[in-house]
Amino acid sequence: MADIDNSVGNEPLINRENNRNKVFNRCVSHQQDELQSFRKYLRWMCVDHSSPWTAILSWTMFVVFTLVVPAISHFLLACADCDSYHSRPYDSVVQLSLSSVAAVSFLCLTRFVSKYGLRRFLFFDKLWDESETVRRNYTYQLNTSLHIVSYFVIPCFLAMSAYKIWWYASGGSQIPFLGNVILSDTVACVMELCSWLYRTTVIFLVCVLFRLICHLQILRLQDFAKLFQIDSDVGSILSEHLRIRRHLRIISHRYRSFILCLLVLVTGSQFSSLLITTKAYTEVNIYRAGELALCSMTLVTALLILLRSASKITHKAQAVTCLAAKWHVCATLESFEVADGETPTLVARNSNSNKGNDVITLAESDSDDYGDEEDDLDNNNIIPAYAFSTISFQKRQALVSYFENNRAGITVYGFTLDRGTLHTIFGLELSLVLWLLGKTIGIS
């Protein structure tokens, strides 16, 4: 994050006159901006890099809770001589999986904030030319993002707390490294819980930030869809779409390494868990494999947040082609009806014409069945005739051809993360699971 300077609290963050010739390094922020609460959250999480001291503290907390505490817990508190309820045969997979994903998340978050600054990373520096609706909804989503992180972290932390308290209270560890068994177990339990809380929070924080940025692009696309409802020219529509497409490429470039690493690490973790739990003569119960199950649910949930956010914004971006095609069809039909001397059915929304009422009634009667799936970008409503009154057929056809051949969305090294890609990933994962089960328990 950029250094906080109270003296620039009343100065504009973006200089519109010099915006074209501006060299984008890091955006200067003031203390009372929209990101004030978010900066406090980062400081509380010890991932603040706004000064050398906070950076040292951040790296120290990362090394302690991501590397040191899990290593000590695995090698010194493994309790190989414990009974079947207190033995931890899957602890190595749990610690390696959670620490590796947390390390990737922390490194990516540190790189994003240090290189771009928090305002530029969250695209707040691009909001000055957006509509008031987009700015208000995006600020609201930023404030609710912290609550979303807690919704995922708190249940996992409570479940892990119950397991660890039971494990230590029932005599799982008898290593008095502080001279007193109760004190030693208390310190070890608290450190393990802090390590779990730190790692899961960092993982979900990066995933929820990706969801937040994708939601901004959805708000922009919904605002962009309104251009087809007014008398807009092709140039303004094309310019706005190019701007949104450029932002999607920026998001893809920043997050592609993280998405790929998380997909590989989570897949490796799940297959390792499946391999060690399906071996012959393996005893699996809630006491032995409860921590492994909780770790798997945490990692899979984080991956699903990423994939769902990416596929949703890609679906919305590609729905622009359907919207433009419908806009072109409505304009073409209207031009023929006017040329033939007929009454324009698309203009007479409130008329008593049976033809016009049939079309509108169909769109309105089915709207409740879709719930929140329909919006200004993806719906079954007829576009009014005044929206294309000054645009020729050739310009509309050229714009539709452009949308058909320039589909936008989130990509990972050239592969678009749409619903088809998710189906492919699911098919590959299922094939690998069935192959592994065939090698372990004999499923053919």
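Gln95 lies in helix H3, which spans residues 91-116. The model is predicted, and the values reported here are computed from it. With a relative accessible area of 7%, Gln95 is buried, because a residue counts as buried when that area is under 20%. The side chain of Gln95 makes a polar contact of 3.1 Å with the side chain of Arg199. When neighbours within four places in sequence are left aside, the residues in contact with Gln95 are Pro70, Ser73, Arg199 and Glu291.

The cysteines were examined next. A disulfide is a covalent bond between the sulfur atoms of two cysteines. The cut-off applied to a pair of sulfur atoms is 2.5 Å, and by this rule the count of disulfides is zero. For Cys108, the closest cysteine sulfur belongs to Cys261 and lies 6.6 Å away, which is too far for a bond. Cys189 is likewise in no disulfide, the nearest cysteine sulfur being that of Cys194, at 9.4 Å. Both residues are buried: the relative accessible area is 16% for Cys108 and 10% for Cys189.

Helices H6 (residues 181-225) and H7 (residues 234-277) form a pair whose axes come within 11 Å and cross at roughly 165 degrees. H6 is therefore roughly antiparallel to H7, since angles over 145 degrees count as roughly antiparallel. The crossing of the two helices is left-handed. On the H6 side, the residues that meet H7 are Val206, Cys207, Leu209, Phe210, Ile213, Gln217, Arg220, Leu221 and Phe224. Their counterparts in H7 include Ile237, Glu240, His241, Arg243 and Ile244, and also His247, Leu248, Ile251, Tyr255, Phe258, Ile259 and Leu262.

Methods:
Residues numbered from 1 in each chain as written. Predicted model: local features only at pLDDT ≥ 70, side-chain atom pairs only at ≥ 80, totals over all residues. Heavy atoms only, no water. Helix = DSSP H or I, 4+ residues; strand = E, 2+ residues; numbered from the N terminus. Buried < 20%, exposed > 50% of the residue type's maximum accessible area, 1.4 Å probe, protein only. Polar contact = N/O pair within 3.5 Å; in protein donor to acceptor, adjacent residues only side chain to side chain. Contact = heavy atoms within 4.5 Å. Axes fitted to C-alpha atoms, helices over the stretch in contact; angles between N-to-C directions. Parallel < 35°, antiparallel > 145°, perpendicular 65-115°, else oblique. Left-handed = near helix turned anticlockwise from the far one by under 90°.
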